[in-house]
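Please look through the sequence and the structure below before reading on.

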Amino acid sequence: MSFTGSVSSLVVVGGQWGDEGKGKVVDLLAGGFGAVVRYNGGHNAGHTVKFADRHFALHLVPSGIVHGGSLCYMGAGMVVDPLALIREMDSLADQGVEVEGVEVEGRLFLSPRAALILPTHQAMDLAREAARGGGSIGTTGRGIGPAYQDLAQRRALRTHLLTDPAGLVERGRKLMAAHNRELELLYDAEPVDLERACEQLEAAANRLGPFVHEVGPRIEAHVERGDAILFEGAQGVMLDLLHGTYPFVTSSSCLPGAAAVSCGLPPRLLGPVLGIMKAYVTRVGGGPFPTELHDALGDHLRRRGNEFGTTTGRPRRCGWFDAVAARFAVRTAGIDAVALMKLDVLDELEEIRVAVGYRAPGGKLLDAPPADARMLAELEPVYETLPGWRTPTTAVTRDGDLPGAARDYIGFLEERLGVPVVLVSTGPRREETLLRGDGAVADCIRAAVGSELAVPSA
Ligand code: IMP
């Protein structure tokens, strides 16, 4: 066995509808990187990281925080609820993970250019969802959409105001009063208590101000020192604002290029793209989902895969691997290699289906998701059926130890996607991971993981 590769910067993106297991992969790799960067979304994300006998649910803070060595950055493209960030920092501290006070400046750096999520954004998110009735998006109710809307409307309050508590309260009061009018007049909803919200914001600013620093120049300084950077995407390509199943998407860009935009960095610094995909698919919230299983098999995947949201606890919709959507994700996000997660969840199945095309109502075959979500909802997946392996793969760490049918399944996906599967996850823990193949991304992963995972190359 030889780990010949060196760690290069890497972008990790979700290749499906979010919840693919990015947290596990980022946590596994983080030790090899000088910095871990979150670049999109907010506390709608939920990353579960299991480390030794501890279990961390992260929403805003980059998953690298669990690793003592990496510094963590939150880019300008994020939307940050200061109260949620404090809750998360406190919960990390309760579990012995230091975020502040370790070094002079701590380990977490928050761009001054990110938009703040205010309590009224959350109230608007909930009120708008209620008003949408049956056509609701099924948002996480965290205020993500309204906060990005204010940003695009150029009236958002941004994170630099955390260094100016009085200014934040003054401007926050005005903006939240406008939000309250909208809540009352348009949605007949309860207004938010402004006094309380302002007090909370002031307290949050007093606490978070010291974390606010420009991110781009610090990351460039890392690169100059020879550190590799791990960019951690949230959500997934099919939830991307422009390229996902609009309007059933989140309000940020989930593609790798957004990392450069969010941090104000040259795109050439980003490195290759590792797409995270589950061995089947899940989706939370509304919107078209062509391979969804509404039967006992769907229930089996949900139960076996523990498919309940980290952020909202909602049951996830489950379905067969959708190679049409996945190939679209590979192309749209420029995914160079795939990490295939939760392979073991398929262990008991007699046969496994993969969608390889979509059939339109008139019979026409499509090989990519259409832009119009209503059309997507009417398409029938065309499946290929593969034999299952009916053998436990949990905790298998060598390609050669996988049952032949499982290797064939992985090979089939590789052929369909046109990129290699370089990591297979066979359980929630770090050590339940199999590294395979070669090439730039595989080498980078092996080098990053290093001795943390005694995984021989297959
Ligand atoms: P929002 O991001 O809260 O506005 O929600 C918009 C859509 O994205 C909803 O369908 C959510 O369920 C989905 N979503 C947002 N964040 C995540 C995530 O981290 N994992 C999975 N789905 C998500």
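This is a predicted model: local features need pLDDT of at least 70, side-chain atom pairs count only at pLDDT 80 or more; totals for chains, interfaces and linings use all residues.

Two packed helices are described by the angle between their axes and the distance between the axes. Here the pair to find is helix H3, which covers residues 119-132, and helix H5, which covers residues 165-187; they pack at an angle of about 15°, and their axes lie 9 Å apart. Angles under 35 degrees count as roughly parallel, and H3 and H5 are therefore described as roughly parallel to each other.

Which residues of H3 and H5 meet? On the side of H3 they are Pro119, Thr120, His121, Ala123, Met124, Ala127, Arg128 and Ala131, while on the side of H5 they are Met176, His179, Asn180, Glu182, Leu183 and Tyr187.

From the packing of helices we can turn to charged side chains. Side chains of opposite charge can pair when their charged atoms come close. In this structure there are 24 salt bridges, and a few of them can be followed one by one.

One of them joins Glu129 and Arg132, with the closest N and O atoms 2.5 Å apart. Both residues belong to helix H3, and because they are three residues apart there, about one helical turn separates Glu129 from Arg132. Is Glu129 buried or exposed? Glu129 has a relative accessible area of 12%, and so it is buried, whereas Arg132, at 37% relative accessibility, counts as partly exposed.

Another salt bridge is formed by the side chains of Glu195 and Arg173, at 2.7 Å from N to O. This pair links distant parts of the chain, since Glu195 sits in helix H6 (residues 194-208) and Arg173 in helix H5, 22 residues apart. Glu195 counts as partly exposed at 46% relative accessibility, and Arg173 is also partly exposed, with a relative accessible area of 32%.

The side chains of Arg398 and Asp401 form a further salt bridge, at 3.8 Å from N to O. Arg398 is partly exposed, its relative accessible area being 41%, and Asp401 counts as partly exposed at 48% relative accessibility. Finally, salt bridges can also be joined to one another, as they are in the network that links Asp19, Lys278, Glu307, Arg316 and Lys342.

Technical notes: Residues are numbered from 1 along each chain as its sequence is written. Side-chain values use heavy atoms; hydrogens and water are left out. Axes are lines fitted to C-alpha atoms, for helices over the stretch in contact, and angles run from 0 to 180 degrees between N-to-C directions. Helices (H or I, at least four residues) and strands (E, at least two) are DSSP runs, numbered from the N terminus. Angles under 35 degrees count as roughly parallel, over 145 as roughly antiparallel, 65 to 115 as roughly perpendicular and the rest as oblique. Contact means heavy atoms within 4.5 Å. A salt bridge is a side-chain nitrogen of Lys or Arg within 4 Å of a carboxyl oxygen of Asp or Glu. Buried means under 20% relative accessible area, exposed over 50%, partly exposed in between (1.4 Å probe, protein chains only).
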